Amino acid sequence: MNKLTEKFFSVLKIPTSSGEIMTTSSKHNSPQNKIISLLIIGASLGITYLPIFPVKTNVTIVSGSELKEVLEEISDKFEKDNPHIDLEIEIQGSQDIISNVIDKKNDFIPTVLIPANSELITELETTLKAQGETDIFYYPPEAIARTLLVAIAWEERGKVLFPNNKFSWNQLEKALKTRNWQQLGGDKNWGSFDFVTTDPTRSNSGQLTLSLWAKNDLNQNILTVNDINNNRIRDLFTLIKKSVYQPPRSTDILLQEFIARGANDADVATVYESIALHRWSQAKERRNQSYQIYYPNPTIETTITGAILKQNVSKQEAKSAEKFINYLKQKEQQIILAKYGFRPIIDLDLENLKDTPWSENIEGVEIEPSISIKPSPDNNVINEIEKIWNQAN
């Protein structure tokens with residue numbers, strides 16, 4: 001019998017040992033007292049030895065669309081290993097994930113946020129602190145996986161637009177101005193040129209695309225707010241905006257539309273390397289040709305990061321969420337992430353990792369591309385990009 005049970009019976013003046021029970025029984029040696037004594041002994045043993053079942057907790061994960069399928073696979077596995085934790089997955093554009101928490105627009109309580117870029121977690125923390133909140137997350141945000149921003153083009157059109165397999169923002173800008181494949185050296189039956197990217201006010205890949213393009217246009221290594229706020233960049237954004245009418249809110253939605261529309265309606269897109277690798281075989285199967293992957297030089301690497309919110313989240317829910325994030329960082333789950341095209345945060349031999357797109361000789365893919373990899377622009381530059389994009393006609 002544990003101490004808590006003993007104390008409980010002591011308060012009620014109920015005998016707790018066989019000696020006390022026998023003494024009491026001898027004082028009150030009646031059949032009724034014997035029955036009560038046996039019930040007390042049974043209850044005591046039950047409290048002491050029956051297993052204590054953990055309280056079931058619910059964890060709601062909000063992530064970008066590029067993580068949807070891999071999180072569904074890993075969460076099924078996690079729930080089997082941890083039957084006392086239920087996981088729910090909500091998909092939003094990465095910028096929307098942050099904006100919806102700041103503006104309290106969600107109709108559910110998010111526990112874990114996993115946007116496509118750690119910079120967005122920093123933006124959330126900075127904004128909430130400016131609004132007076134001091135304690136935003138339960139634990140320091142944790143890196144889960146990495147990926148790069150890449151361009152993709154249908155194979156035969158990519159060969160015309162990017163000779164020698166070299167991606168060029170200048171060539172892409174020329175194509176947007178010309179908007180005619182025949183004038184670009186392509187087949188006259190290919191019709192007009194179409195570029196697609198995500199909505200930079202809702203998706204991080206769209207923001208990174210505009211920042212790299214602006215950097216190339218200005219021939220600068222680092223962008224500032226003043227660099228973005230000038231007529232040259234306004235003209236560039238206006239040109240891009242005319243091509244990407246009603247841009248998708250997230251990257252995987254864009255790529256699925258790119259595959260569904262085919263080469264006649266979408267020629268070149270900017271997406272994350274992870275989702276480009278994951279959907280490459282689907283495109284080939286559906287279109288009898290696939291797209292080639294191109295690495296802009298420089299490009300930007302994003303670190304997919306998980307953060308556990310404090311707002312309306314209990315300590316028990318936070319512990320369950322932390323368990324899931326730690327689970328994602330284990331080798332077995334990192335291999336699953338690599339299967340979906342992500343770069344792991346631990347040392348893995350990607351080239352020899354079987355049943356992953358890294359070992360399928362996909363056209364253009366490089367495990368160690370010979371390019372310069374830059375950090376994401378800071379939040380002030382991203383905010384200015386969104387502002388100028390909204391003003392572009």
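Author: Start with a cut-off: an angle of 65 to 115 degrees between axes counts as roughly perpendicular. Keep in mind that this is a predicted model.

Reader: Why are helix 9 and helix 16 called roughly perpendicular?

Author: The axes of helix 9 (residues 204-218) and helix 16 (residues 379-391) cross at roughly 90°. That value falls between 65 and 115 degrees, so the two helices are roughly perpendicular to each other. Their axes come within 10 Å.

Reader: Which residues in helix 9 and helix 16 meet?

Author: From helix 9, Gln207, Leu210 and Ser211 take part. Helix 16 brings Ile382, Ile385, Glu386 and Trp389. By class, this contact has four nonpolar, two polar and one charged residues.

Reader: Now Ser203. What makes Ser203 count as buried?

Author: Buried means under 20% relative accessible area. Ser203 has 2% relative accessibility, so Ser203 counts as buried. Ser203 sits in the loop between strand 5 (195-196) and helix 9.

Reader: What is Ser203 in contact with, beyond its neighbours within four places in sequence?

Author: Ser94, Gln95, Thr198, Arg249, Ser250 and Thr251. Take Ser250: 47 residues separate Ser203 and Ser250 in sequence. In space, their C-alpha atoms are 5.4 Å apart.

Reader: How much of the chain counts as buried?

Author: Of its 393 residues, 50%. The secondary structure comes to 16 helices and nine strands.

Reader: What makes a set of residues a nonpolar core, and which members of the largest one touch the most others?

Author: The members must be buried, of the listed nonpolar kinds, and joined through side-chain atoms within 4.5 Å. The largest core has 68 residues, and Phe193, Phe237, Ile240 and Tyr291 touch the most other members. Strand 4 (residues 142-154) gives this core its largest share, seven residues. Another core, of 26 residues, lies apart from it; Ile61, Ile85, Ala321 and Ile325 are among its members.

Reader: What does Phe193 touch, not counting residues up to four places away in sequence?

Author: Its contacts include Leu161, Leu172, Ala175, Leu176 and Val268. Arg179, Asn180 and Asp267 are also among them.

Reader: How do you know where confidence is lowest and highest in the chain?

Author: By pLDDT, the predictor's confidence in each residue. Helix 2 (residues 18-27) is lowest, at a mean of 50, and strand 3 (residues 112-114) is highest, at 98. The chain averages 88, and 86% of the residues score at least 70. Where pLDDT is low, the predicted coordinates should not be read in detail.

Note on methods
Residues are numbered from 1 along each chain as its sequence is written. This is a predicted model: local features need pLDDT of at least 70, side-chain atom pairs count only at pLDDT 80 or more; totals for chains, interfaces and linings use all residues. Side-chain values use heavy atoms; hydrogens and water are left out. Axes are lines fitted to C-alpha atoms, for helices over the stretch in contact, and angles run from 0 to 180 degrees between N-to-C directions. Helices (H or I, at least four residues) and strands (E, at least two) are DSSP runs, numbered from the N terminus. Angles under 35 degrees count as roughly parallel, over 145 as roughly antiparallel, 65 to 115 as roughly perpendicular and the rest as oblique. Contact means heavy atoms within 4.5 Å. Ala, Val, Leu, Ile, Met, Phe, Trp, Tyr, Cys and Pro count as nonpolar, Asp, Glu, Lys and Arg as charged, and the others, Gly among them, as polar. pLDDT is the predictor's confidence in each residue, from 0 to 100. Buried means under 20% relative accessible area, exposed over 50%, partly exposed in between (1.4 Å probe, protein chains only).
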